[in-house]
Amino acid sequence: MEDKAKRLNILFLGGSKRVSIARMLKSAGRELGVDIGIFSYELDTKVPIAIEGPVIEGLRWADEGILEHIHDTVIDRSIDIIIPFVDPAIGVAARYRDTYGDVFVPVGSTEGVETMFDKIAADQAFQRAGLPRPELIPGPGGEPVFPVIAKPRHGSASQGIVIIHSTEELRPYIASRPSHLVQRYIANAEEYTVDCYVAMNGEIKVVSPRRRGEVSGGEVTTTVTVESPDIVNLTVQALKALDLRGAVTVQFIVDKLETDFKPMIMEINPRLGGGVVASVHAHADIPRYIIADALGIGTEPCDEIIPGTFITRYQQEVVFVNGRRQ
């Protein structure tokens, strides 16, 4: 992609509610002297992102023809960058890049993406990397301390998760679902999310931790950036060991009953998180890094994240009359 490009068109995959990020990308583009056009690929065209740009009615992520359909969209709309925002779209974006290679996709390798969305494979990767994580059940120590938490191997967005309270419940559960991941359940938990960007050349540009607050419908509605060298160091260790690229969201959990602060890794989502806007406001300008990376512009890593940057969300209506945005 030429450094002198004056306009870049970005296609969101499943970015129906990402209005703030769209505006941040446009702002970052202006700073870099580039006009940013936003498009979004959705099942329903009547979604909030329509306020920032055209919405293309798309196919389901598992549809056999989706790569070809996205390619038609790329050609028709002169798309330069594809950014996935929901878990199933990440693999689609990586496979599109592998198949066509005509746009910039800030996502790691297809193999790496698939590993992160296989909870057992991901846990094994975390173990090989020496990352602390909640212990597996049943473990080497004998009978587990209940309750425990069971997660579908390929689930996402907390779907299918079950809390199990006794051996009588656990044994038949494991017998009928041997591929599920079962771990110690941390009842008094505090969760942290880390927003990261790793350039395609492997340079880590941003590591911004924040504490999760209220969540509604799987979306964080309040979050605040924090200063935590322990979480930053573990995140850098994970990014390097797992050879991740692009936008990455790392999630940690802490048992508040422990005397010492001991973060454990829960999962890694190789995409932008919903609460990343807090990190951007805290000086972690990930939208700018994405655009600069796409243009091949060198940038310095972010050396200062402002802790205590708090965001809270509210609802605002986007009106459609007879299918047309007003």
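I began with how H1 and H9 lie to each other: the axes of H1 (residues 19-31) and H9 (residues 286-295) cross at roughly 55° and come within 8 Å, so the two helices are oblique. For the record, helices are DSSP runs of H or I of at least four residues, numbered from the N terminus. Axes are lines fitted to C-alpha atoms over the stretch in contact, with angles from 0 to 180 degrees between N-to-C directions. Oblique is what remains after under 35 degrees (roughly parallel), over 145 (roughly antiparallel) and 65 to 115 (roughly perpendicular).

I noted the hand next: H1 passes H9 in a right-handed crossing, meaning the near helix is turned clockwise from the far one by less than a right angle. On the H1 side I found Met24, Leu25, Ala28, Gly29 and Glu31 in contact with Pro287, Arg288 and Ile291 of H9 (heavy atoms within 4.5 Å). I sorted these residues into five nonpolar, one polar and two charged; Gly counts as polar in this scheme, Pro as nonpolar and Glu and Arg as charged.

My source notes: the model is predicted, local features need pLDDT of at least 70, side-chain atom pairs count only at pLDDT 80 or more, and totals for chains, interfaces and linings use all residues. Residues are numbered from 1 along each chain as its sequence is written, and side-chain values use heavy atoms, without hydrogens and water.

Then I turned to the cysteines. How many disulfides are there? I counted zero, taking sulfur atoms within 2.5 Å as the rule. The sulfur of Cys196 has its closest cysteine sulfur in Cys302, 11 Å away, which is too far for a bond.
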